[in-house]
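Take a walk through this assembly, one chain at a time.

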Amino acid sequence: MSRWLNQDTLAGALFLAIGAGGLVAGRSLNVGTADAMGEGYVPLAACWLMVGLGLLIAAGGVRASAPAVEPGRLRPLLAVTAAVLAFAFALEPLGVVIAIFASALCAARAVPGVALRSVLLPAAVLSLAVLAIFVWGLGLPLHALPRLGGG
Amino acid sequence: MPIQTLVAGALPAIVAALAIFLQPVCAAQPVWPSKPVRLIVPQSSGGSTDLVARPLAQQLSAALGQTVLVDNRPGAGSVIGTEIVARAAPDGHTLLAIAASFTATPALHPKLSFDSERDFAPITVLSAFPNLLVVHPSLPVKSVQDLLALARAKPGMLNYGTSGAATGTHMSMERFMQMTGTRLVHVPYKGGAPSVQALVANEVQVNMATISTALPQVRAGRLRALASTGARRSTVLPELPTVAEAGVPGFEYASWTGLLAPARTPRPVIDRLHAEAVRAVNSPDLKALLAIEGAEPVGSTPAQFAAQIRLEIVRWTQLVKAAGIRAD
Amino acid sequence: MDLLTALLGNLAQGFVVAMTPVNLGLCLVGCLLGTLVGVLPGIGPTATIAMLMPITFYLEPTGALIMLAGVFYGSQYGGSTTAILVNLPGESSSVVTCIDGHAMARQGRAGAALAIAALASLFAGTVTTLAIAIGGPAIASVALLFQSPDYVAVMVLGLVAAIVLAHGSLVKAMAMIVLGVFVGLIGTDVTTGEQRFTFGIDDLFDGVGFVPVAMGLFGLSEIMLNLESRAQDGGLARLRDRLWPSRDDFRRATPATVRGTLLGIVMGILPGGGSTIPSFASYSMEKKLARDPLRFGQGAVEGVAGPEAANNAGAQAGFIPMLALGIPPNAIMALLVGALMIHGIQPGPQIIARQPELFWGLVVSMWIGNLMLVVLNLPLIGLWVRLLQMPYRYLYPAIIVFCCVGVYSLRNSMMEVVFMAVAGVAGYVLRKLGCEPAPLLLGLILGPMLEENFRRSLSVSGGDYMIFLQRPISATLLAAAVLLLAFVLLPGVRHQRERLRDD
């Protein structure tokens, strides 16, 4: 069974799924004609191409020599993603500094056994650096701390 | 223990948050402008609105004693930036500088989340600029009449370029075709510069381009100007007739840049902004700048501007229906 | 002879203008600021130039343009630095530099990679400056010969070149390109104004931005993979004793630099070309010409030198149509046109005759700026390399935060940051499945332009596909693309690739 779950079959299935998903999601788009193409002409053509290439890639996975998928670990994947999302959702309501601390705390979860102290100090340094470069230096319209009630 | 520590730790934070939250209520009604003013330009920087908005922001900053910050929020044919202003607090700290497409938007996007008339307090039209009707020099037409004759002889043969579907250059051509009963094929480009380049490369034969993009090519002999689209002749090409003079009576198209605030912005704030904006556009600096673009300062009153918006919205809605243009 | 005297006279005039203390200072400020924003992920030259525009009111037009131009090419240098050190393409033109530049850094040869990138850029800058001086207006009119079908052909050639870029499976590279094109088409359709695949999300109306996707696909997925595989306390790379490139590096890099420069000049003039397509094209070309293409992706110095030369040459060549025709080929040049118009100068065919001091001053200052950048950056290499010694557990949260701030600042939108997170996960999955991210990015950049010109070509031709073969330029370029594709698919080459994969 696991022989079939190699890089090629999975990548092929992924492209097949994206292509098919695009065809379904874009079924209401107008294709039009060559001299007056609708908005769907090129994107749906791209979806069909992905379906075709996906099948081709998956077919390659039947070979015995198809490369196996290296096992991954969920922890770094989740921690890094969480760090980015934490920043995204904290920035506008809570300001840059809290967003950075939230992000750093999430990022630290990527590896086990990181002491809180070795997260907070770098996060403080990082906050200062970001404020100095982006806010005071480049004058980006970011606020440092929570801004409630204002505009 | 953990809960106690948590509470002990969180308490100062809660107090601080409350203090910040209550601040606007406790503080006395601030004098406008009490903080930097955001001037939203729903267009990327370097565009024609931005070119007016930036020097305007500079002069307003000096006059108001608070920074007026230009904030470019391009996207979805200006809808994204316009929406921000429609939803902003009407306290005079958020303003909108916008191009003439503002009045075409309601016709093109029936599902807008804002009302272009009701949600805004017009302040003034800053500047107005006509377009140029230009053709490739290899086209055997020397006047608007020649062009009409050719277009009528071979309907659907000539292509015209625009800076995008439903932009001013497109709408003015649609109007031109509607009034003259001609049919040219629309070829949209991503912006004015590529559309003028395509005209120079003879990929399309006609364009109603903005003066600033077309003028250098006209001066270099790469394009032939047939007419300007305003009600009066353009100051940069006074020898050139208007489209109306050249045989399409009643045709007039001039793009403009306007300054608006969210609806319900206090009257004194609007009046102050109007006075300062009119002074700014009539300053020698801005006047000179506008002249390069082939534009002229306007400075109409809020009431005149409101009437103009109402009229144009009706006009564009009729045109969009008649021509079957869609952008949504 | 007359031509040479005239050229020397013009350049002399340029030196007089560019060497005034004020203009030298502005050039330095522009280059420094450009390097800074180039090094920082996300925030790019377009935003910086837009922010600097108000300041330029107070400057002489020549000085203003010198400073803004400095920001532009300074950012190209800075972008390469981040690409090499942490695999983050700070600018779209440095995507390709990531591939072999970062591989070199991982081998402890970051110093050599940075030095080669800087020197290749200087060479390209020098040659391009001369090219502008000698043939500016003449070169510029080439752009006027190009119509939509020709652009389609250029882009098809670029996409075929991107297949060559891959060092793994060709079919996967093709699928990644198509996926990139598809992602590039998300958003409001320019022609009809219809929404495509936006699912009602406002932030998608304008399409998926290049920067969040690039940051996620390259930068974030790289961090995830690094955290999976390495000890946290060590640095990213060992330090070798030598910072400077070896004699062998120079021998390999020199011809690549020359070829990259030429490619960059030619492609940089074309609208939409900018500096990204030439860098991809140069990489593919070097890989094709190399006797041992298997080194590419493993730290081949040609893979840094060629694209770096190409992107710098392309960046500067973009000034030619802007100044000589008044037609800006990309968004940055459009901003510079705006900056000139603020000062009452209308760029266009008459600018060289009417404003010689501006034109020649800018040309010479570009060369001075390139020299300054190398002088500034070479001593910095030691510092940058030391950054890689920093324990990774401090480095990666900083990279994440800088990416977030940079991406947010593009449109002041948190959704862009969310898109970056999505791209990060996608990059991780795709890389686990043996799909390389670079072809996807080229597809993303070229997709919208390809569709736009493709539709326009057929609309002008009345639906006749023969238009692509009737125009000499497009027919030639398409023939080149077919040849390249055939060459890539040749059994011999394939065989070699398969062998590499099975190692």
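In chain B, the C-alpha centres of domain 1 and domain 2 lie 27 Å apart. This is a predicted model, and everything said here is computed from it. Domain 1 of chain B is made of two segments, 37-129 and 254-323. Domain 2 of chain B covers 130-228.

How many residues of domain 1 of chain B are in contact with domain 2 of chain B? There are 16, and they meet 13 residues of domain 2 of chain B. On the domain 1 side, the elements giving two or more residues are β9 (254-262) and α11 (302-323) of chain B. Of these, α11(B) gives the most, with four residues. By class, this side of domain 1 of chain B holds 10 nonpolar residues, five polar and one charged.

Now turn to strand β1 of chain B, residues 37-41. Is this strand mostly covered or mostly open? It is mostly covered: five of its five residues are buried.

Which strands pair with β1(B)? One is β2 of chain B, residues 68-72, which runs parallel to β1(B) and is joined to it by five bridges. Within that pairing, B:Ile40 stands opposite B:Asp71. Another is β3 of chain B, residues 94-99, also parallel, with three bridges to β1(B). There, B:Leu39 has B:Leu95 as its bridge partner.

**Chain A: a spread-out chain**

Chain A has five helices and two strands. From the N terminus, the order is α-β-β-α-α-α-α. Is the chain compact or spread out? Its radius of gyration is 23 Å, well over the 15 Å that the globule rule gives for 151 residues, so chain A is more spread out than a compact globule. The C-alpha trace of chain A spans about 50 × 45 × 25 Å along its principal axes.

The domain assignment divides chain A into domain 1 (2-60) and domain 2 (74-137). The C-alpha centres of these two domains of chain A lie 37 Å apart. Buried residues make up 40% of the 151 residues of chain A. Among contacts in chain A between residues at least 6 apart in sequence, 61% join residues at least 24 apart.

**Chain C and its side towards chain A**

Chain C has 22 helices and two strands. Of its 503 residues, 66% count as buried. Among contacts in chain C with a separation of 6 or more, 80% come from residues 24 or more positions apart.

Where do chains C and A meet? The contact involves 55 residues of chain C and 62 residues of chain A. On the chain C side, helices that each supply at least two residues include α8 (170-185), α9 (210-229) and α22 (491-502). The largest share, 11 residues, comes from α17(C). This side of chain C has 35 nonpolar, nine polar and 11 charged residues.

**The nonpolar cores**

The largest nonpolar core has 310 residues. A:Val84 and A:Phe87 have the most contacts inside this core. Helix α6 of chain C, residues 110-143, gives the most to the core, with 16 residues.

What does A:Val84 touch? Leaving out residues up to four places away in sequence, A:Val84 touches C:Leu220, C:Ile400, C:Cys404, C:Val417, C:Met420, C:Ala421 and C:Gly424. A second, separate core has nine residues, including B:Ala107, B:Ala165, B:Trp316 and B:Val320.

**A buried glycine in chain C**

The last stop is C:Gly70, in helix α4 of chain C, residues 61-86. Why does C:Gly70 count as buried? Because 28 other C-beta atoms lie within 10 Å, and 20 or more is the cut-off for a buried residue. Beyond its neighbours within four places in sequence, C:Gly70 is in contact with C:Cys27, C:Gly30, C:Cys31, C:Gly34 and C:Gly369. C:Ala103 is 33 residues away from C:Gly70 in sequence and 29 Å away in space, C-alpha to C-alpha.

Methods
Residues numbered from 1 in each chain as written. Chains lettered and ligands numbered in written order. Predicted model: local features only at pLDDT ≥ 70, side-chain atom pairs only at ≥ 80, totals over all residues. Domains from an automatic or database assignment. Core = buried A, V, L, I, M, F, W, Y, C linked by C-beta atoms within 7 Å. Buried ≥ 20, exposed ≤ 12 C-beta atoms within 10 Å, placed from the backbone. Contact = placed C-beta atoms within 7 Å. Pairing = 2+ DSSP bridges. Rg over C-alpha atoms; globule rule 2.2 N^0.38 Å. Nonpolar A, V, L, I, M, F, W, Y, C, P; charged D, E, K, R; others polar.
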